[in-house]
Amino acid sequence: MACASVHHEEQSSAVSSVKVPNGGVRQAFSIYLKNGMDFLNGGKMSNKKKVVVGMSGGVDSSVAAYLLKKQGYEVIGVTMEIWQEESHFQSSENGGCCGLSAVEDARRVAWKLDIPYYVMNFRREFSDNVISYFLKEYLQGRTPNPCIACNRYVKWEALLQRSIEIGADYIATGHYARIARLKENGRYVIANSVTSKKDQTYALYNLTQYQLAHTLMPVGDFTKEEIRQIALDMEIPVASKPDSMEICFVPDQDYGRFIRENTKEKIEEGDFVDLQGNVLGRHKGIIHYTVGQRKGLNISMGYPVYVVEIKPKENQVVLGKYEDVFRTRLYANQLNFMSIESLQGEKRVLAKIRYNHQGAMCTIRMAGEDTVECVFDEPQRAVAPGQAVVFYENDYVLGGGVIIS
């Protein structure tokens, strides 16, 4: 499929320019040609449109707000308040994105850019759609991706609804991704950013057509180095702020502690078993393990062992050798197709089974009303139930789902 050159029809083909690190000039929101797709991610506004920018206090969302204002949008900055205690988050110096320190950083940026700024309370939405989901998945022996849930149900569904209510036409974020519209069927898609190092399309696969039609992603046209340089040139206060890498509500990465403190479920010890079911030792609770894990098992076998499977009903963690962690087939449900309305027959695609996975070629086909079968050309390591599998075609997202086996 080819992509149409317009993301939002009322935008003109005019462009503005920003300086980039090599001393040259990059046309911001310019047309890019790749694999039969062309993008027009913005342009000078002939009719002023209002956009709410989700500002995390980091450099990416800050530059997104700057770029959109430069394009002539009426920009409103909003930080989503999702947690109550600053102790749950990294301080601004460590790149936190959800605490009070992030609010102060975003407020300073908004003042610098001379745009209105508000803090909106999304605590309930975050608790219901992200925290509860995170706890439930680990308690059932799966490996969740809370950032994907947050994107769909908080950053887009909840924020977009409130933004539309206050008269906004779009929301915008600092994600490294681009939005295009397919010529063949008119559907909106998430397309890869210009930099593979920071590409964030994997975490956006489950956005709806309505959400995509009301979203702007200006940062996807730039590399991280260029974004930082723009921030430095414009003297944006957070230009050198480190990226936030952790799950925001578990900054110390101790998932086990967090789950124990936030659930009434009793975390029982259980058996480590081999592939034949023979007991090898005791584990400290299935919440502490994920498929492919080697470190932290605290069991000596005389050779390296890895988590091959988690069996919540039996409260068992299955261990095996390195080669036992590879799979050529997976099944996923909770499907969201983006470039197509539904999958008909077989299709050859590139699939990613986790955020930092390079992707692998496979064949997909429907295996039920809401289940897809994915058969890889080559075995893939650590296919973890609960994680997302995202399918790509021609550098854009075809769709994806949640791995069940």
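A residue is called buried when its relative accessible area is under 20%, exposed when that area is over 50%, and partly exposed in between, as found with a 1.4 Å probe on protein chains only. The structure is a predicted model, in which local features need pLDDT of at least 70 and side-chain atom pairs count only at pLDDT 80 or more, while totals for chains, interfaces and linings use all residues. Residues are numbered from 1 along each chain as its sequence is written, and side-chain values use heavy atoms, with hydrogens and water left out.

Of the 405 residues in the protein chain, buried residues make up 55%. The chain's secondary structure comes to seven helices and 22 strands, where helices (H or I, at least four residues) and strands (E, at least two) are DSSP runs numbered from the N terminus.

In soluble globular proteins, nonpolar side chains tend to be buried together. A nonpolar core is here a set of buried Ala, Val, Leu, Ile, Met, Phe, Trp, Tyr and Cys residues joined through side-chain atoms within 4.5 Å. The largest such core has 54 residues, of which Phe126, Phe134, Ile190 and Phe249 touch the most other members. Helix α4 (residues 146-165) gives this core its largest share, seven residues. A second, separate core holds 31 residues, including Val59, Ala106, Ile115 and Ala172. Returning to Ile190, and leaving aside residues up to four places away in sequence, one finds that Ile190 touches several residues, among them Ala177, Leu204, Met338 and Tyr396.

Charged side chains pair as well, and a salt bridge is a side-chain nitrogen of Lys or Arg within 4 Å of a carboxyl oxygen of Asp or Glu. By this rule the count comes to 22 salt bridges. In one of them, Lys224 pairs with Asp60, their closest N and O atoms being 2.9 Å apart. This pair links distant parts of the chain, with Lys224 in helix α6 (residues 224-233) and Asp60 in helix α1 (residues 59-70), 164 residues apart. Lys224 and Asp60 are both buried, and a network of salt bridges links Asp60, Lys198, Lys224, Arg228 and Asp243.

Another salt bridge joins the side chains of Glu261 and Arg257 (2.8 Å, N to O). Because Glu261 and Arg257 are four residues apart in helix α7 (residues 255-262), they are separated by about one helical turn. Glu261 is exposed, with a relative accessible area of 55%, whereas Arg257, at 26% relative accessibility, counts as partly exposed.

A further salt bridge runs between Arg282 and Asp271, with the closest N and O atoms 2.9 Å apart. Arg282 lies in strand β14 (residues 279-283) and Asp271 in strand β13 (residues 270-273), so the pair ties together parts that are eleven residues apart in sequence. Arg282 is exposed, with a relative accessible area of 51%, while Asp271 is partly exposed at 21%.

Key
Contact means heavy atoms within 4.5 Å.
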